[in-house]
Amino acid sequence: MVGPARPLFVLFGSSIVQLSFSNGGWGSIIADLYSRRADILLRGYSGWNSRQALQVLHHVFPKDSAIQPSLVIVYFGGNDAVLPFPSSQKTLVPLPEYVENMKKIGIHLKSLSEKTRVIFLTAPPVSYALIKEKLSEEHAKCRTLESCRKYAEACKELCKKIDVKCIDVWSAIQKRDDWLTSCFTDGIHLTAEGSQIVAEEICKVLEEADWEPSLHWKELPIEFGSPTKPSSPARQWPKKKKSP
């Protein structure tokens with residue numbers, strides 16, 4: 001253990017999480033914002049769905065740990081929504097099972113401590129044309145907008161029932177006019193532009209949440225900071241590229 005102790009944020013999910021520190025990813029944006037304020041821990045598992053996450057939940061987040069996270073950001077859903085296709089042994093996680101899995105994940109995380117806060121990210125949309133170009137037509141046919149929408153909506157409804165903050169990535173991405181070509185590397189995974197949208201939505205939730213203490217980066221103390229001198233440069237979002 002390295003001191004002094006800081007708030008611990010854990011990013012838990014599939015490839016959208018595993019890749020979140022690569023190429024301007026949203027995890028790296030959050031880590032930069034929280035430099036000297038909180039420790040960001042990555043627990044990303046490419047290709048995983050909520051069923052697999054539930055199987056390791058108590059190993060990743062043991063209740064008897066001496067240090068519990070202040071915040072857990074969870075993303076599962078995109079792989080759950082994948083329709084079965086001939087060359088894969090994987091099948092989708094049926095929507096009712098997905099909802100039940102996410103409910104169990106949310107309840108467990110909230111029980112870790114009185115101060116552990118939880119945010120769920122919904123499934124993002126997908127770009128059929130990019131998936132077909134970068135991966136294959138078979139992959140494109142099994143990842144549909146409609147399937148992702150159903151799982152995103154189900155995640156939002158669940159969060160209301162179990163009192164977990166939810167970020168509607170499905171809708172946030174599509175607010176950008178050129179999202180089909182600018183927000184994904186391969187139609188599934190996020191570009192720097194797509195990640196910036198996710199990071200901004202996370203910060204918006206953290207700023208608006210009535211949590212005590214606040215977990216917004218501006219409200220957290222700077223480690224070994226001087227009360228008279230700024231200890232880190234002012235953080236600014238990178239300028240967004242204008243849509244053509």
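Trainee: At what angle do helix H2 and helix H10 pack?

Mentor: This is a predicted model. Helix H2 covers residues 26–33, and helix H10 covers residues 192–208. Their axes lie 8 Å apart. The packing angle is about 45 degrees.

Trainee: Are H2 and H10 then parallel, perpendicular or oblique to each other?

Mentor: Angles under 35 degrees count as roughly parallel, and 65 to 115 as roughly perpendicular. The angle here is about 45 degrees. H2 and H10 are therefore oblique.

Trainee: Which residues of H2 meet H10?

Mentor: On the H10 side, the residues are Ser195, Gln196, Val198, Ala199, Ile202 and Cys203. The crossing of the two helices is right-handed. From H2 come Trp26, Ile29, Ile30 and Leu33.

Trainee: Which strands stand at the edges of the five-stranded sheet?

Mentor: The sheet is open, with parallel pairing and the order E2-E1-E3-E4-E5. An edge strand here has a single partner strand, so one of its sides is left without a neighbour in the sheet. The edge strands are E2 (39–44) and E5 (165–167).

Trainee: Which residue in E4 is the bridge partner of Ile73?

Mentor: Strand E3 spans residues 71–75, and strand E4 spans residues 117–121. They pair in the parallel sense over five bridges. The partner of Ile73 is Ile119.

Trainee: How many disulfides does a search of the whole structure find?

Mentor: Take Cys159, which is buried with a relative accessible area of 2%. Its closest cysteine sulfur is in Cys166, 4.0 Å away, so too far for a bond. A disulfide needs the sulfur atoms within 2.5 Å. The search of the whole structure finds zero.

Technical notes: Residues are numbered from 1 along each chain as its sequence is written. This is a predicted model: local features need pLDDT of at least 70, side-chain atom pairs count only at pLDDT 80 or more; totals for chains, interfaces and linings use all residues. Side-chain values use heavy atoms; hydrogens and water are left out. Buried means under 20% relative accessible area, exposed over 50%, partly exposed in between (1.4 Å probe, protein chains only). Two strands pair if DSSP finds at least two bridges between them. Helices (H or I, at least four residues) and strands (E, at least two) are DSSP runs, numbered from the N terminus. Axes are lines fitted to C-alpha atoms, for helices over the stretch in contact, and angles run from 0 to 180 degrees between N-to-C directions. Angles under 35 degrees count as roughly parallel, over 145 as roughly antiparallel, 65 to 115 as roughly perpendicular and the rest as oblique. A crossing is left-handed if the near helix is turned anticlockwise from the far one by less than a right angle, and right-handed if clockwise. Contact means heavy atoms within 4.5 Å.
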